[in-house]
Amino acid sequence: MEFEVFDHKILTEKVQADLKKIMCNPLIDTALSNSGYLAGGFVRSALKGDDIMNYLMPPYLKKNEEARPGDIDIFFERADGVAKCSNLFNELGVAGSHRSIGGFAIEKKIRGREIDSSFNGGQIKVQLVDHKHTCGKPMLESIGNFDFTNCAVAMTRDKIFIPRGWREIEDDNLLDVVSSESPFLGSRILKYFYHRGFSKLTERSRETILEWTVRSLHGKFEGYDKSHTAGIESNLKAMANNADLVPTNDLTLFLGKWQTLLNIDTSSGIYGPTHYVSVDFALNEINKRNHQASA
């Protein structure tokens, strides 16, 4: 990827004001002073001019209750930056530090009201990413390997880094999937389709998703263990329900993989026996799509 560099003035005044509050937090301030940078969905939200405080809020405080709460992901060009942040948190006596679900980051919680009164008791999740895939590597190298171009955006204390063409795909509301290396790709695609407002893909995304699907069916993800791949089957099935994510022709890859139960109502009235039959998952999805197309 090629990147363009801007200062914070390209952001809306409200986003700039909210960012100042966030960056004054001791943990985030320490990170940014020790080779840390913000990257991913939070930075994307800021660039789009969204209400970044609302983006971070827990569901019960959100203006849009359907959206999942976002977090702040902090990456480091030097490994000692993570240690300095963790030490600061311990010195402040703040509890709640633990490994992230995937195990690739140290997860911290910041009291939202310490940053903005609108949180009224909520917490902000901050992830200090310390995995070898990114920690200790140059920023542009790390974000250039992100799975979505949409999220390959980064922010230091005074600069913002954006891939060329980013604005165009965002303006067209297109999710641009460019890497199939992670077993978490399926869950992330579902998250961005159903909780971040996307409904369309770029053309090259389809090839990447097909490549990831084949990898998933054969379990070929180097550097990951079984705990990382445990959710792949459910994610594949959820994606198969969406023709924009898995075209009908690609459903043939799933033939013979899984069975699903169909509810067969044999009653003649309100009450009566119900029977279940086991059918091939992929064949059932293909039949449903064909029926919908002919209706």
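Colleague: Leaving aside neighbours within four places in sequence, which residues is aspartate 280 in contact with?

Modeller: Bear in mind this is a predicted model, where local features need pLDDT of at least 70, side-chain atom pairs count only at pLDDT 80 or more, and totals for chains, interfaces and linings use all residues. Residues are numbered from 1 along each chain as its sequence is written, and side-chain values use heavy atoms, with hydrogens and water left out. Aspartate 280 lies in strand 12 (residues 274-280); helices (H or I, at least four residues) and strands (E, at least two) are DSSP runs, numbered from the N terminus. Taking contact as heavy atoms within 4.5 Å, and skipping neighbours within four places, its contacts are Leu255, Gly256, Lys257, Trp258 and Gln259.

Colleague: And how far apart in space are aspartate 280 and threonine 260?

Modeller: Aspartate 280 counts as buried because its relative accessibility is 15%, and buried means under 20% relative accessible area, exposed over 50%, partly exposed in between (1.4 Å probe, protein chains only). In sequence, aspartate 280 and threonine 260 are 20 residues apart. From C-alpha to C-alpha, the separation is 6.2 Å.

Colleague: On to the open sheet of eight strands: what is its order?

Modeller: Pairing in this sheet is mixed, and two strands pair if DSSP finds at least two bridges between them. Strand 1 (3-7) and strand 4 (98-99) each have a single partner strand, so one side of each is left without a neighbour in the sheet. The strand order is 1-8-7-2-3-6-5-4.

Colleague: Which residue of strand 5 is the bridge partner of arginine 99?

Modeller: Strand 4 and strand 5 (residues 105-111) run antiparallel and are joined by two bridges. The strand 5 partner of arginine 99 is isoleucine 106.

Colleague: Which residue in strand 6 does aspartate 73 stand opposite?

Modeller: Strand 6 (residues 123-129) has five of its seven residues buried, so the rest of the structure largely encloses it. Strand 3 (residues 72-76) pairs with strand 6 in the parallel sense over three bridges, while strand 5 joins strand 6 through seven bridges and runs antiparallel. From strand 5, glutamate 107 stands opposite glutamine 127. The residue opposite aspartate 73 is glutamine 127.

Colleague: Now the helices: at roughly what angle do the axes of helix 9 and helix 11 cross?

Modeller: Axes here are lines fitted to C-alpha atoms, for helices over the stretch in contact, and angles run from 0 to 180 degrees between N-to-C directions. The axes of helix 9 (residues 203-218) and helix 11 (residues 232-240) come within 11 Å. The two helices are therefore oblique to each other, given that under 35 degrees counts as roughly parallel, over 145 as roughly antiparallel, 65 to 115 as roughly perpendicular and the rest as oblique. The crossing angle is roughly 140°.

Colleague: Which residues of helix 11 make the contact?

Modeller: On the helix 9 side, the contact is made by Ile209, Trp212, Thr213, Ser216 and Leu217. Helix 11 contributes Ile232, Leu236 and Met239.

Colleague: Phi of serine 35 has a positive value; what is it near?

Modeller: Most residues other than glycine have a negative phi. Serine 35 sits in the loop between helix 2 (26-32) and strand 2 (36-39) and counts as buried at 14% relative accessibility. Its phi is near 70°.

Colleague: Is asparagine 173 buried or partly exposed?

Modeller: Asparagine 173 is in the loop between helix 7 (166-171) and strand 9 (174-175), with a positive phi near 55°. With a relative accessible area of 26%, asparagine 173 is partly exposed.
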